[in-house]
Amino acid sequence: MNTQIISPTTLIIDAIPHPVFPGAILPKWAAAAEAKGFDIVGRIIDRLHLALRCRRCGATQKVRLFTLMSAQPLCQSCLLADWRKDANAAGLTFLRRDPAHRHYAFYLAPCGHEVRRQFELVKRMAAGVVSVRCETCHAATEAEEAEARGWHLTSADPSGNPNYRIYTHTACGHDQRIARANMQSGRFSCGCCGKDWPGAASYVYAMGFTLASGREVVKLGFSRDPESRLTYQLRRDNEMPCKILRVVPMATGHAALCAEKAMHRELKQAHPAAAVDPAAWRGQIRVKTEIYDGSLTPVILGLLDVLEASATAA
């Protein structure tokens, strides 16, 4: 119980003393309180305030008479219990309300950092609609992504676009606005010292996929970053079995493109029936052509052996 009467003239609620106001409690007030889940403990402060006891949890609180008669009073003790329950279900620990905004509170995230979240958002977390994300940890993750690509995360996007950041190239010190998705995939180049794909080093690759039907297929192609090509472009389903079978480094993207086209011409001439109908992989691999039956994998790997030997000799 959070209420205590220390004298006939004083009522303490949550350690705060309130003067008892003399006067009758009208039957209609008592009926309204009962209908809304409360009992009237007494009149306090002035003729406009009441002390109400919640029938659900037993806590007492100060409520304006107008609020009781015109709206549904909210029990702050029950609200706090609900906030804590939602926080626990969301994987958070409720710390305190935000004194600057009644719809927000501060929570302790599983990582140990303090986060500020809206009550409604925490309810959605508890329901599994959205997940917990710590801004401190997220910023560290973005910084690590940039460092792995040879860049430094400098600041947020000056234009306010949440999908972009300002990065600094470690090699030359150039500042550049880059989409975070591109930083993750590596599908960009430095505007100061970078090369476009025709002049940049590249690879001819072979990748194997297992379709939902169980059929094994193989793709022959070229890319400046085969791992990024597979992870961020070709594969639609993260659970789809796939892997890079072989890569052959080429001096330039132009050389890789020429080699790839020559190999496709050879495959189509020697194995015209090996090309797979695009309908077989539609919705599973983001590409329109150049997928072959898995039985052609040894042939393609053999062509890559020849390519690598010729590239090394050159």
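How many bridges join strand β11 to β12? In this predicted model, strand β11, which spans residues 164-169, is joined to β12 by 5 bridges. The two strands run antiparallel, and within this pair I166 has R177 of β12 as its bridge partner.

## The sheet of β10, β11 and β12

Strands β11 and β12 belong to an open sheet of 3 strands, arranged in the order β10-β11-β12 with antiparallel pairing. Its edges are formed by β10 (151-156) and β12 (175-179), each of which pairs on one side only. From one strand to the next, the twist averages 40°.

A helix accompanies this sheet. Helix α5, made up of residues 135-148, lies across β10 and β11. Relative to β10, helix α5 runs at about 140°.

## Strand β5 and its two partners

Strand β5 (residues 49-54) takes part in two antiparallel pairings, one with β4 and one with β6. The pairing with β4, which covers residues 38-44, extends over 6 bridges. Here H49 of β5 stands opposite I44. The hairpin of β4 and β5 has 4 residues between the strands, and in this hairpin I45 adopts a positive phi near 65°.

The pairing of β5 with β6 (residues 60-64) comprises 5 bridges. L52 has Q61 in β6 as its bridge partner. Between β5 and β6 the hairpin has 5 residues, and G58 takes a positive phi near 85° in this hairpin. Strand β5 is also mostly covered, with 5 of its 6 residues buried.

## The nonpolar cores

In soluble globular proteins, nonpolar side chains tend to be buried together. The largest nonpolar core of this model has 17 residues. Those with the most contacts inside this core are V204, I300, L304 and L307. At least two core residues come from each of the strands β13 (202-210), β14 (216-223) and β15 (242-250), and likewise from each of the helices α8 (253-270) and α9 (297-313).

Which residues are in contact with L304, leaving aside its neighbours within four places in sequence? They are V204, Y205, A206, L220, R246, V248 and M263.

Another core, of 14 residues, lies apart from the largest one. Its members include A33, L50, L52 and C54.

Conventions: Residues numbered from 1 in each chain as written. Predicted model: local features only at pLDDT ≥ 70, side-chain atom pairs only at ≥ 80, totals over all residues. Heavy atoms only, no water. Pairing = 2+ DSSP bridges. Axes fitted to C-alpha atoms, helices over the stretch in contact; angles between N-to-C directions. Contact = heavy atoms within 4.5 Å. Buried < 20%, exposed > 50% of the residue type's maximum accessible area, 1.4 Å probe, protein only. Core = buried A, V, L, I, M, F, W, Y, C linked by side-chain atoms within 4.5 Å.
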